[in-house]
Amino acid sequence: MNEVGLLDVVVQEEFDRDPTLVFLATNSPAALRGRFGADRVRICAISEQAMVGMGVGAAMSGLRPIVDLNRASFGLLTMDQLVNHAGRMHYQSGGGYRVPMVVTAATRGRQQLGPQNEQCTYGLFMQTPGLTVVVPGSLAEACGLLRTAVRWPGPVLYFVAPELNRQRGLSAALGTPPLPFGVAALLRRGDAATIVAIGGAVPVALAAAESLSNAGTDCDVLDPRTLAPLDVPAIADSVARTGRLIVVDDGPRSGAPVQILGRLAERPDALAALGGRVGFVCQPDVPVPSSPALEDLTWPTEQRIVDEVRRLLDADG
Amino acid sequence: MTSIPATLEETAAPPADLASLFAGMALIREFEDRLLELRKAGEVVGPVHPYIGQEAIAVGVCAALGDGDSVVSHYRGHGHALARGVDLNGLTAELFGRANGVCGGKAAALIGDPRRNLLMSSGIVGAGIPVAAGAAMTAQVRGDSSVAVAFFGDGALGSGVVHETLNLASVQRLPLVLVCEHNGYQAGNRTEDIYPEVSVLRIAEAHRVRAVAVDGNDVLAVAAAARSAVAAARAGEGPTFIEARTYLTKFHLQFERPSPEVRPPDELAAWLQRDPLTVALTRAAELDIHLSAEPLRAEARARVEQAVQAARSAPWPAAAEVHTHVLAGAA
Ligand SMILES: Cc1ncc(C[n+]2csc(CCOP(=O)(O)OP(=O)(O)O)c2C)c(N)n1
Ligand SMILES: [Mg+2]
């Protein structure tokens, strides 16, 4: 699914565990369909809005659907079912109904799919109450968070970066147990700065932190893992200690990165500690162009992260 | 009456002759054969969705259009672009990601070109169809007797917005020509496995849209069907849905390697025999029209090679270009 083949294995294991799981996609994995049959594993026409709507109804009436939308851009066709329905029915029914559905989609890769199909849309869904937003930062997290998602009582949007498919350690990743939602992972520790990295940008941020460390600068690297709910205390605690924040994301700055900064307003001590020392290394607020010469400028790279940390260190003591 | 200036100049399409139709198809074929090699070599960027096997549809339909008509394409759009007369050098440079590409390197295959009234090539299945209907509405409001054409695959009929647009186009009698390139596959799926019946004509008929089936591999048949659909639209008789049966003789797409879907060998072999270039030669013989294929193909090959050489030495877009054209009114 979603360019990350290992997740098909997770889904198979979860299908064995829970007979209420069903799968809808235009390109359902053949192995899953072969094992669990066409009843539980459906191949659909190119009908994303109807597929997600069916997911809502199935979830409200006793199944646990996984709807794979392939690309995050195709998820934009389903905004009504996601926002007005999946995310609202628990609230609107006064807690009477739940919508335990997982909608999966791939974000950006370096495939030059162009302005429409290279998108990280998860920031949009931080503004649509009722939806849980999961963005794994490693293959292991991808497995563990998917296991939580298929057990979660409400609708989960699960965005995975195709780049994670390059990571090694498949069997260790597969063995990752369900990981908690709303709990950030502290992947490296250091007092110089707080690097918050999202999704496919996490391995890049870790590489940058490593090279900074080799030069004597140690940073916290935090991976929120879920953007809604967001682990504000973990980020704020780190920022209060380091006094510098760099948000690293494959997606546009006005999406998740700016919203993460905004949430720090809940912790005046953290905002005060920052004193203006904030940096973003992410997609600028432009669509993703196809030409590699331009596309390259829209990616967070190791060097750009290192430069941004150094800039904040130089800003003042 | 309307105060909108009629800037779209109407020029009636000249009656197409088989040799020029063949030349149009040969250009697309030579272009895409080369493109697949160049993508393997990593020179061309993005996915290549080859149109090979379907050339008669783009060429036959575009032959029925005038300069003032609007066209909407999708991700399998090189054929539509070339048949519509998009500049070969500009298209090639775009696929190389270069600054002088028709979209400055921002689009790769998903081009739009106002010089040829090619509004867009959308990467979202089905999404271009209402957009074409909008262009048809412009023609209607202006009263300039131009038409809009939407090209789309059989997969687009799965999308709700297509059905919504059929209804609107029918009721509003839009000058719209809907060209469904029915190749029997939707990426890895066979259409017969995911649609209640193979033909999609009855979907259009249900919305009371004039629906016609045509052999999509016979460029003369396509051109004739398109001419009559365009004439009806110009005459205020509303939309026509053309179901052109065809086949992709390569594969859904290719990055370094082709996508892995498999085609039954006998099915593929039968369609290869009905390759649109071969069919055109057969038709020429039947009609006693002199058509010598090889010089036309050689000429197309030479043009393609020239465009490739030019694209190779073209400059990359400047870094500042990443920020241009985001907001109209700004840069
Ligand atoms: C809304 C949407 N969903 C899914 C896709 C992914 N996708 C790209 S091409 C394709 C198959 C389209 O089949 P068809 O319309 O028959 O066109 P063909 O590829 O056969 O020319 C799919 C599912 C997409 N581009 N847009
Ligand atoms: Mg098709």
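This is a predicted model: local features need pLDDT of at least 70, side-chain atom pairs count only at pLDDT 80 or more; totals for chains, interfaces and linings use all residues.

**Between the chains**

I sorted the chain B side that touches chain A by class and got 16 nonpolar, 13 polar and two charged residues.

How many residues of chain B are in contact with chain A? I found 31 from chain B, and they meet 27 residues of chain A. About 2100 Å² is buried between chain B and chain A, with 69% coming from carbon and sulfur atoms. Then I checked who loses the most area on the chain B side: K106(B), I124(B) and V322(B), which together give 24% of what that side buries.

**Ligand 1**

I moved on to the ligand and found 18 residues around ligand 1. The closest are E48(A), Y75(B), R76(B), D154(B) and N183(B). Why do I call the site shared between chains? Residues from both chain A and chain B surround ligand 1, so the site belongs to the two of them.

E48(A) has a polar side-chain atom 2.5 Å from a nitrogen atom of ligand 1. From chain B, V125(B) puts a backbone N or O atom 3.0 Å from a nitrogen atom of the ligand. Y185(B) also uses a backbone N or O atom, this one 2.9 Å from an oxygen atom of ligand 1.

**Inside chain A**

Back to chain A, which splits into domain 1 (6-174) and domain 2 (185-315). I looked up how far apart the C-alpha centres of these two domains of chain A are, and got 26 Å.

For contacts, 25 residues of domain 1 of chain A meet 29 residues of domain 2 of chain A. The two domains of chain A bury about 2200 Å² between them, and 56% of that is on carbon and sulfur atoms. Which three residues of domain 1 supply more of its buried area than any other three? My list reads R108(A), R110(A) and M126(A), with 31% of the area that domain 1 of chain A buries against domain 2.

I checked charge pairs here as well, and there are two salt bridges between domain 1 and domain 2 of chain A. I also looked at R110(A) and D296(A): they form a salt bridge, with their closest N and O atoms 3.8 Å apart. Polar contacts between the two domains of chain A come to nine residue pairs.

Then I asked which elements give two or more residues to the domain 1 side, and in chain A they are α7 (114-117), β5 (132-134) and α8 (139-149). β5(A) gives the most, with three residues. By class, the domain 1 side that touches domain 2 in chain A has 13 nonpolar, eight polar and four charged residues.

The peptide bond from A228(A) to P229(A) is cis, with omega near 0°. I placed P229(A) in the loop between β10 (226-228) and α11 (232-242) of chain A.

A187(B) sits in the loop between β5 (185-186) and β6 (189-190) of chain B.

Note on methods. Residues are numbered from 1 along each chain as its sequence is written. Chains are lettered from A and ligands numbered from 1 in the order in which they are written. Side-chain values use heavy atoms; hydrogens and water are left out. Domain bounds come from an automatic or database domain assignment. Contact means heavy atoms within 4.5 Å. Buried area is the accessible area (1.4 Å probe) that two parts lose on being put together, summed over both. A salt bridge is a side-chain nitrogen of Lys or Arg within 4 Å of a carboxyl oxygen of Asp or Glu. A polar contact is a pair of N or O atoms within 3.5 Å; within protein, one must be able to donate a hydrogen and the other to accept it, and residues adjacent in sequence count only if both atoms are side-chain atoms. Helices (H or I, at least four residues) and strands (E, at least two) are DSSP runs, numbered from the N terminus. Ala, Val, Leu, Ile, Met, Phe, Trp, Tyr, Cys and Pro count as nonpolar, Asp, Glu, Lys and Arg as charged, and the others, Gly among them, as polar. A residue is near a molecule or strand if one of its heavy atoms lies within 4 Å of it.
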